[in-house]
Amino acid sequence: MAAHARSTHGQRNDSRARDARQQRGQLVSNAIFETLEDGKIVMNATIPAADVDAAVAQVYRDASKKYKIPGFRPGKAPRSMVENLIGDEYARAMATDQVVNDSFACLVDEQGYRVVGKPEFDEESLVTEGEDYLYVVTFETRPQLTLSDTEVAITMPPREATQKEIDTQIDAIRERFAQLKKVRARKIRDDDVVLLSFKSTVDGEDYEGSEVEKYPYHLGQGMMPPEFEEAIVGAKPGDNVEAEFVIEGGEENTEFAGKPIHFDIELHEIQEPELPEVNDDLAIMSGFESAEEMTGEIRSNIESSKQNSYDNVLRGRLISALAENLEGEVSQDLIDSRAEYLKRDFVGMLGQNQMSLEQYLAMSGADTDEFEKDVALQAKMGVSEELALEALAREKDLEVTDEDITIEMEILAEQAQIPVEEARKKWAEAALMTTLHDELARRKAADWLVANSEVTIDEEAL
């Protein structure tokens, strides 16, 4: 029913693994890993008696410092008195948690496993001083999915500024200096600019600002509630229409919230923007000396922006295209875990700007369900892209070497301003070496993708 997970790694009682754990100050353990028929891994780990004794002693030392015992300074009370205070069973339970927590993550990390979801521990007995301690845990690992195809083809715009991109920015300038001109009478559409006047009352009473004269109102911009615009769309200049609705509550409507508001609206004319010509006059209004200088500056800014982001955009699009070839079920536990990380990261960013998630949702007009769905979608896309890159690395035998790990450790050590060996020890203690290995494998896969994919340049592409 069960078989060893990996013939070369099934039993970890060799001196090399033991020495590695001793060097980083972790518990020394013997562990056997087996793979079940459903793909889950079972680990049987044995913690030596010496490490059990050390864990129990540490619990008593911590308790001696934490609790005040009459007649003794913190940390100086005899163990017998501390034991009478906290109890033997409590001390053994705390030591059990310590030896399991200190060993589990590092043991699975040494095997190259990345745990997905919550591990299932067999009903645990408590450690006993002077005896080895055995615990059994079943866990699911990060899935190794496959690709239907490793060939990817995408379309990208040129690195250089295209005429379409330049024209788009020039049109934005023209719109900024456009003049509204009256057009012939026709039925009003839901995106028109309408010159209108209105008188309004709240609960039958006038209020400050209740009258507006000849205001150019742009429909479809959300400036007024839908009921206001619904009364206008389909009418013609010269018509008088009415709109009425109940004012919703909000930070700006506390005085009138829940009260009916009535509008008598007079529609004068439909207006359309008349765009200025692209010439030196437009350039001068925009802060340039000539149309030639304006166009040249726009081109330069577009190309500068592209140079800063083009390679990242290219890489991202290739990875997204590769993820579409991913075959197999993406673990929901992985998606949920990534979603929680994304939410924590986003909420933390909001906090740096003194804003809560609730305030952000209120300002953006989104609700909690929409936010949750968007985060879940981003999480699934991110996980799928990672799994696709990992599958590509396996497919193309893109191995991560000891030299690759060493180079990355040198970079991390330099960033943290600590010696390389200390950096390596910290990552090992945090059980992050497999995570680092997978990250480097994904980088190699992405590099391979950039070098070996078909990229078509199209000026019309966005």
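Predicted model: local features only at pLDDT ≥ 70, side-chain atom pairs only at ≥ 80, totals over all residues.
**Stop 1: helices H2 and H4.** Select residues 49–66 for H2 and residues 88–110 for H4; their axes come within 8 Å and cross at roughly 120 degrees. H2 is therefore oblique to H4. The crossing is right-handed. To see the contact, show side chains for Asp51, Ala55, Val56, Gln58, Val59 and Tyr60 in H2, which meet Asp88, Ala91, Met94, Ala95, Gln98 and Val99 in H4. By class, this contact has eight nonpolar, two polar and two charged residues.

**Stop 2: a pair within H5.** The structure holds 22 salt bridges. For one of them, select Arg174 and Asp171, whose closest N and O atoms are 3.4 Å apart. Both lie in helix H5 (residues 163–176), and because they are three residues apart, about one helical turn separates them. Arg174 counts as buried at 18% relative accessibility, while Asp171 is partly exposed at 31%.

**Stop 3: H8 to H14.** Next select Arg315 and Asp447, which form a salt bridge with an N to O distance of 2.7 Å. This pair links distant parts of the chain, with Arg315 in helix H8 (residues 291–323) and Asp447 in helix H14 (residues 433–452), 132 residues apart. Arg315 is partly exposed, at 26%, and Asp447 is partly exposed, at 43%.

**Stop 4: H11 to H9.** Select Glu372 and Lys343, a salt bridge with its closest N and O atoms 3.1 Å apart. Glu372 is in helix H11 (residues 368–395) and Lys343 in helix H9 (residues 332–352), 29 residues apart. Glu372 is partly exposed, at 33%, whereas Lys343 counts as buried, at 16%.

Methods:
Residues numbered from 1 in each chain as written. Heavy atoms only, no water. Axes fitted to C-alpha atoms, helices over the stretch in contact; angles between N-to-C directions. Helix = DSSP H or I, 4+ residues; strand = E, 2+ residues; numbered from the N terminus. Parallel < 35°, antiparallel > 145°, perpendicular 65-115°, else oblique. Left-handed = near helix turned anticlockwise from the far one by under 90°. Contact = heavy atoms within 4.5 Å. Nonpolar A, V, L, I, M, F, W, Y, C, P; charged D, E, K, R; others polar. Salt bridge = Lys/Arg side-chain N within 4 Å of Asp/Glu carboxyl O. Buried < 20%, exposed > 50% of the residue type's maximum accessible area, 1.4 Å probe, protein only.
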